[in-house]
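I set out here what I looked up in this structure, entry by entry.

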Amino acid sequence: MTRAIRFLKEQDIPFDMAEYDHLEKGALFASQAIGMPVEQTIKTLVVEVSRKGYLVVLMPGSKNISFKRLARIRGVKRVAMVHTALAERLTGYLVGGISPFGMKQHLPVAIDAGLLTFDKVAINGGKRGLMLIMRPKDILMATGAEAIAL
């Protein structure tokens, strides 16, 4: 049982699990492996927000992050991906298995507002090859995420 699953169970938030062989990193592979549209499969990104701190960004696997747009939304000059080692140290999860639930450090979370239009989405469960199928509104509740148009 991962920290993410323990966290959700402690919060009494419903989810289903979908496991797959993690042969390739990325939301597209995960979506195909579990039979979920890539638009409904969330990739979890850890970014540095202009040296003011870090932010976990939840995006559809079908989209690429616009760092300029995110910087404008956050009111900063620069947003950039953190290095793998830092993402793993901050979250306590391996890249390819990063979940916004049960992270080692409490980091603010932003979710692409478009994900809220779906009944169910797939999000990483805290280890490679494990996705959780759940309602986007439950992700909002569990993480205190800010919904933004990415």
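The entries below begin with the basis of the model and then go from rings to single positions.

**Entry 1. Basis.** I note that this is a predicted model, in which local features need pLDDT of at least 70 and side-chain atom pairs count only at pLDDT 80 or more, while totals for chains, interfaces and linings use all residues. Residues are numbered from 1 along each chain as its sequence is written, and side-chain values use heavy atoms, with hydrogens and water left out.

**Entry 2. Aromatic pairs.** I first looked for ring pairs, taking rings of Phe, Tyr and Trp (its six-membered ring) as paired if their centres lie within 6.5 Å, with planes under 30 degrees apart counted as stacked, over 60 as edge-to-face and the rest as tilted. How many aromatic pairs does this rule give? I found two aromatic pairs.

Phe7 and Phe101 make a stacked pair, with 6.3 Å from centre to centre and 20° between the planes. Phe7 belongs to helix 1 (residues 3-10) and Phe101 to the loop between helix 4 (84-91) and strand 5 (109-112), so the pair ties together parts that are 94 residues apart in sequence.

For exposure I took buried as under 20% relative accessible area, exposed as over 50% and partly exposed as in between (1.4 Å probe, protein chains only). Phe7 is partly exposed at a relative accessible area of 22%, whereas Phe101 is buried at 0%.

The rings of Tyr20 and Phe29 form a tilted pair, because their planes stand at 55° with the centres 6.2 Å apart. I recorded Tyr20 as buried at 12% relative accessibility and Phe29 as buried at 17%.

**Entry 3. A charge over a ring.** I counted a charge as over a ring if NZ of Lys or CZ of Arg is within 6 Å of the ring centre and within 35 degrees of the ring normal. Arg3 meets this over the face of Tyr93, at 4.4 Å from the ring centre.

**Entry 4. The largest pocket.** I searched a 1 Å grid over the protein atoms alone, where a pocket is an open set of points with protein on both sides within 12 Å along at least five of seven lines, the probe is 1.4 Å, and lining residues have an atom within 4 Å of a point.

Which residues lie nearest the centre of the largest pocket? They are Lys25, Thr44, Leu45, Val95 and Gly96, out of 23 lining residues. Helix 2 (27-34), strand 2 (42-49) and helix 4 each supply at least two residues of this lining, and strand 2 gives the most, with five.

I sorted the lining by type, with Ala, Val, Leu, Ile, Met, Phe, Trp, Tyr, Cys and Pro as nonpolar, Asp, Glu, Lys and Arg as charged, and the others, Gly among them, as polar. The lining holds twelve nonpolar, nine polar and two charged residues.

**Entry 5. Helix 4.** I found Leu86, Ala87, Leu90 and Thr91 buried in helix 4. They are on the same side of helix 4, because they cover an arc of only 115° around the axis, the arc being that of the directions from the helix axis to the C-beta atoms. On the face turned away from this buried side, I noted the exposed residues Ala85 and Arg89.

**Entry 6. Single positions.** Asp12 has a positive phi of about 60° although it is not a glycine. I placed Asp12 in the loop between helix 1 and strand 1, and Asp12 is exposed at 69% relative accessible area.

Glu19 lies in strand 1 (residues 16-19) and is exposed at 57%.

Ala113 is in the loop between strand 5 and strand 6 (121-124) and is partly exposed at 30%. Leu150, in the segment after strand 8 (146-148), is buried at 13%. I recorded 7.3 Å from C-alpha to C-alpha for Leu150 and Ala113, which are 37 residues apart in sequence.

How values were computed. Helix = DSSP H or I, 4+ residues; strand = E, 2+ residues; numbered from the N terminus.
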